[in-house]
Amino acid sequence: FKKCGGINSLPLNTLTIGQTYKIRVFTEDIDADDFASFKIAISTNTLAVNDECSNAILVPTSTILDLNVIEASVKGASQSSEQNNCEPEADDDIWYAFVATETRHSINFNWTSNYPFFVSFSVYSGDCDNLTEVYCSDVGVNTINDLVIGQTYKIRFWTSSSTPSNTTYNLIITNQDEPLVANTTQFTPQELVSDILINDPC
């Protein structure tokens, strides 16, 4: 096991209980005469409730007129063992779940703290012991297509920074109507304008 950090704090999420680890501290300057004094502290954070896939929090989907907002935070999150093909490394992931009520849903993580961290998330189908990745995003909002109505999907969410984050986010999963497509077998473009937009009594 080896992990490096050029910051003042470093999360270690895959340690083995009972095993002894050594910490090497050094300055970044190549001059051998450089020195620095420091204090070191090792603390243990309480794990997030939804730190693992099996404890994913179920999030209800929303409509524009009825938003269900869930507060999300990676504080106390560790790295999950499930395979992840998204970049960057998911070293502080938390889990959510939702039931698809449409074939398209928008997943939106909006930060609420003063300083945002870049975030990523992936969407899976299947049970926690047999997950299939169906989507990967390195931004906080995206629309997911080709979902199966009634099926439960898992969301794995993490920050892109190796620095421990207490930033909070608002998670909203909204329904997305299918895009309108003109059907030229029923109306020509001219008929849509003259008969529907202009002459319709509504």
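**Notes on the predicted model**

1. R156 is buried, with a relative accessible area of 1%, where buried means under 20%, exposed over 50% and partly exposed in between, for a 1.4 Å probe and protein chains only. D93 also counts as buried, at 0% relative accessibility. The side chains of R156 and D93 meet in a salt bridge at 3.0 Å, N to O, the term being used for a side-chain nitrogen of Lys or Arg within 4 Å of a carboxyl oxygen of Asp or Glu. Because R156 lies in strand β8 and D93 in the loop between β2 (70–73) and β3, the pair ties together parts that are 63 residues apart in sequence. The structure holds one salt bridge.

2. This is a predicted model, in which local features need pLDDT of at least 70 and side-chain atom pairs count only at pLDDT 80 or more, while totals for chains, interfaces and linings use all residues. Residues are numbered from 1 along each chain as its sequence is written, and side-chain values use heavy atoms, with hydrogens and water left out.

3. An open sheet of five strands runs in the order β1-β3-β8-β5-β6 with mixed pairing; strands (E, at least two residues) are DSSP runs numbered from the N terminus, and two of them pair if DSSP finds at least two bridges between them. β1 and β6 (132–137) stand at the edges with a single partner strand each, so one side of each is left without a neighbour in the sheet. β1 and β3 pair in the parallel sense over two bridges, and the bridge partner of I57 in β3 is Y96. β5 and β6, by contrast, pair in the antiparallel sense over five bridges, with V123 opposite Y135 in β6.

4. Which residues touch the most other members of the largest nonpolar core? Of its 22 residues, they are F98, I107, F109 and I155, a nonpolar core being a set of buried Ala, Val, Leu, Ile, Met, Phe, Trp, Tyr and Cys residues joined through side-chain atoms within 4.5 Å. β3 (94–99), β4 (105–111), β5 (119–125), β8 (152–159) and β9 (168–175) each supply at least two residues of this core.

5. I23, V25, F38, I40 and I42 form a nonpolar patch on the surface, with about 570 Å² of accessible area together, computed by the Shrake-Rupley method with a 1.4 Å probe and, for residues, only the protein chains shown as cover. Patches are made of residues with over 30% relative accessible area and no salt bridge, like charges being joined within 9 Å and nonpolar side chains (Val, Leu, Ile, Met, Phe, Trp, Tyr) within 5 Å. I40 is exposed, with a relative accessible area of 53%.

Definitions and conventions:
Helix = DSSP H or I, 4+ residues; strand = E, 2+ residues; numbered from the N terminus.
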